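Here's a quick report on a helix pair and a couple of residues worth a look. Have the model open while you read.

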Amino acid sequence: MAMEDFYKIAVATPALHLGDPDANAGELLRMAEVAAEKGAAVIAFPELSLTGYTCGDLFFRSDLVSEAATALADFAHRTKDLPLVSIVGFPERWGDGLYNSAAVVAGGEVVGIVRSDLRLQRAFDRLNLIFRETDDLYNRSVVTEELTEL
């Protein structure tokens with residue numbers, strides 16, 4: 001197999017600003033630009049990279065989830081001229097659930113979203129969240145907003 005048959009994939013660990021999607025999108029943009037300059041075809045960021053993983057009950061504030069969606073759209077727009085695909089983790093409210101999602105960004109657009117079937121357990125164990133299964137193969141877990149007393 002010739003070398004041009006290979007893809008360079010970058011894996012990034014940005015300096016995160018907990019609960020600040022705009023600042024995190026800026027960090028991700030900077031790292032995506034460096035990866036593109038170094039010839040990467042894909043860059044993968046950590047789960048919940050637009051907010052940080054340990055926002056806990058802040059994920060249930062609509063403004064944080066909304067700000068993450070806006071920051072994701074801004075990141076997509078600002079990377080439209082980069083010749084790479086970015087995979088960005090973000091919290092997503094979809095239907096009646098809250099998901100730990102990954103957006104696939106290319107050409108200035110979000111071209112796909114994968115909703116995790118991991119249950120955000122590490123961040124939310126203290127909250128005793130109730131999980132329920134969905135029938136949809138691609139959207140297996142849903143986090144409900146029902147909380148027990150802390």
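## Ser 49, in a loop

Ser 49 sits in the loop between β2 (42-44) and α2; helices (H or I, at least four residues) and strands (E, at least two) are DSSP runs, numbered from the N terminus. With 0% relative accessibility, Ser 49 counts as buried (under 20% relative accessible area, with exposed over 50% and partly exposed in between, using a 1.4 Å probe and protein chains only).

Leaving out residues up to four places away in sequence, Ser 49 touches Leu 16, Asn 24, Leu 28, Val 88 and Gly 89, where contact means heavy atoms within 4.5 Å.

## About the model

This is a predicted model, where local features need pLDDT of at least 70 and side-chain atom pairs count only at pLDDT 80 or more, while totals for chains, interfaces and linings use all residues. Residues are numbered from 1 along each chain as its sequence is written, and side-chain values use heavy atoms, with hydrogens and water left out.

## How α1 meets α2

Helix α1 (residues 21-37) packs against helix α2 (residues 62-78) at about 25 degrees, their axes 9 Å apart; axes are lines fitted to C-alpha atoms, for helices over the stretch in contact, and angles run from 0 to 180 degrees between N-to-C directions.

From α1, the contact uses Pro 21, Asp 22, Ala 25, Leu 28, Leu 29 and Ala 32, and from α2, Leu 64, Glu 67, Ala 68, Ala 71, Phe 75 and Arg 78.

## His 77, in α2

His 77 is in helix α2. Its C-alpha atom is 9.3 Å from that of Ala 106, 29 residues apart along the chain. At 46% relative accessibility, His 77 counts as partly exposed.
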